[in-house]
Amino acid sequence: MTLKTRILLLLTSVWFIAAAALATRVAFILNQQRKIPQQILATVPFEQETGNIAFALSQGKGFGHLFRQNTGPTAWLPPVYPFLLSLIFRIFGAFTISSFLAAVLLNALFSAAAAFPLYCLSRQVAGRTAAVAAAWMWVLLPAAIVMPFEWIWDTSLSVLLATTLLWMTLHISSSASPKHWLAYGLLWAIALLTNPSLGIALPFFVIRAALRVRNLVQLSWRVPAITFALILLCCLPWTIRNYSAFHRFIPIRSSLPFELWIGNNDIFDPHAVNGIQRITRFEETRHYAQLGENAYLTEKWARAANFIRQKPALFLHLTGRRIIATWIGTEHPFSDFLHANSFLIRTILLCNFLLTLGTAAGALLVARSKNPFAAPLVVFPTFYPLVYYVTHTSLRYRHPIDPILILLTVVAIAASCSKKYRTALAISHAS
């Protein structure tokens with residue numbers, strides 16, 4: 001074997017690609033943490049809901065104390081990531097530089113590990129060359145490098161879960177193994193308890209996989225039905241806990257009314273009489289502590305619904321701005337690109353713009369093709385961002401589906417370069 005062949009094998013190995021992804025993220029972490037005082041890194045990144053709940057858990061106070069005050073239990077967030085972070089606090093100490101580094105390194109591992117399902121998914125859909133290209137694009141995507149450091153949240157874990165869910169959906173579509181289906185159900189339960197927004201694809205994925213596998217291998221309908229029941233059963237204890245704490249039905253998390261109000265209130269209406277002038281964390285924390293979570297969220301839902309009902313034109317305008325921000329990263333991409341004083345910000349905005357174009361082209365291509373995987377590929381980009389269009393958004397909210405967007409972009413690039421590839425994509429089947 002020649003040296004050139006060995007190098008080529010190394011560069012196309014998914015293990016090497018995943019290691020490269022981890023290296024880029026760790027390099028960014030090490031570079032950034034040298035620029036910021038340790039006392040800030042030890043505290044500021046945890047001063048949000050996830051950090052507060054994790055701290056309460058690590059102190060044996062239960063899943064609560066949302067704003068690091070004695071406000072009792074909460075269902076504001078799903079449980080998985082705060083529990084993971086609480087373990088880090090228990091091992092490395094709460095609000096220490098060691099805990100910060102452990103948390104961001106764990107995020108980096110989740111992000112890098114997404115290269116594996118992305119590679120497998122891309123290979124199944126579009127072949128090995130596309131798989132290698134997609135995985136390397138994930139290694140170098142600026143947002144993917146930055147996100148594990150910038151957000152101690154479930155974002156990077158959600159990336160891994162979303163990509164794995166799509167890959168496993170395609171895999172079980174031709175699998176007669178009940179074990180594979182049950183593993184798929186467990187994965188869905190973990191995903192829902194980590195990021196319920198991923199659940200928007202659940203009915204479509206399970207039903208479509210069940211119909212396809214019935215046609216291919218005559219799998220009994222009982223297996224998909226048991227899988228779906230397993231998903232519900234795994235989520236049931238958390239739902240029971242929420243009902244016990246709040247005496248109302250909260251399947252996984254409760255904060256949707258607040259998220260809706262944040263993006264739809266009179267602060268966006270310059271003509272509002274006695275409207276909101278600004279929203280401060282101190283004031284909202286105080287108000288939450290006074291009312292309690294149930295009453296606070298009931299009030300926010302009423303205010304958001306009233307705003308949308310009374311000002312539908314403004315709501316549509318805000319929704320349009322949020323759609324742009326979801327896909328490009330800012331509501332004013334052209335202006336913000338020109339005035340950005342950071343090369344990194346400009347690179348992220350440019351990459352988002354190109355990724356959006358590639359996603360649209362790739363989705364259109366696979367939708368028009370006879371590729372058996374076209375529908376599942378298009379579901380996440382189409383439906384996952386919907387909740388952020390109507391509430392509020394940022395680049396990190398869309399990030400969990402970025403690997404899927406990369407795959408669609410690779411498909412579009414390959415198809416534009418080769419008529420032969422377009423034909424192969426259209427007639428490809430699982431193998």
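A salt bridge is a side-chain nitrogen of Lys or Arg within 4 Å of a carboxyl oxygen of Asp or Glu. This is a predicted model, in which local features need pLDDT of at least 70 and side-chain atom pairs count only at pLDDT 80 or more, while totals for chains, interfaces and linings use all residues. Residues are numbered from 1 along each chain as its sequence is written, and side-chain values use heavy atoms, with hydrogens and water left out.

**View 1. A network of salt bridges links Glu 284, Glu 299, Lys 300 and Arg 303.** The whole structure holds eight salt bridges.

**View 2. Glu 284 and Lys 300 pair through their side chains in a salt bridge.** The N to O distance is 3.0 Å. The pair links distant parts of the chain, 16 residues apart. Glu 284 lies in helix α15 (residues 281-291) and Lys 300 in helix α16 (residues 293-310). Helices here are DSSP runs (H or I, at least four residues), numbered from the N terminus. Glu 284 counts as buried because its relative accessibility is 12%. Lys 300, at 1%, also counts as buried. Buried means under 20% relative accessible area, exposed over 50%, and partly exposed in between (1.4 Å probe, protein chains only).

**View 3. Arg 321 and Glu 331 form a salt bridge.** Their side chains meet at 2.8 Å, N to O. This pair also links distant parts of the chain, ten residues apart. Arg 321 sits in helix α17 (residues 312-328). Glu 331 sits in the loop between α17 and α18 (333-339). Arg 321 is partly exposed, at 24% relative accessibility. Glu 331 is partly exposed too, at 26%.

**View 4. Asp 402 meets Arg 398 in a salt bridge.** The N to O distance is 2.8 Å. Both Asp 402 and Arg 398 are buried.

Methods. Helices (H or I, at least four residues) and strands (E, at least two) are DSSP runs, numbered from the N terminus.
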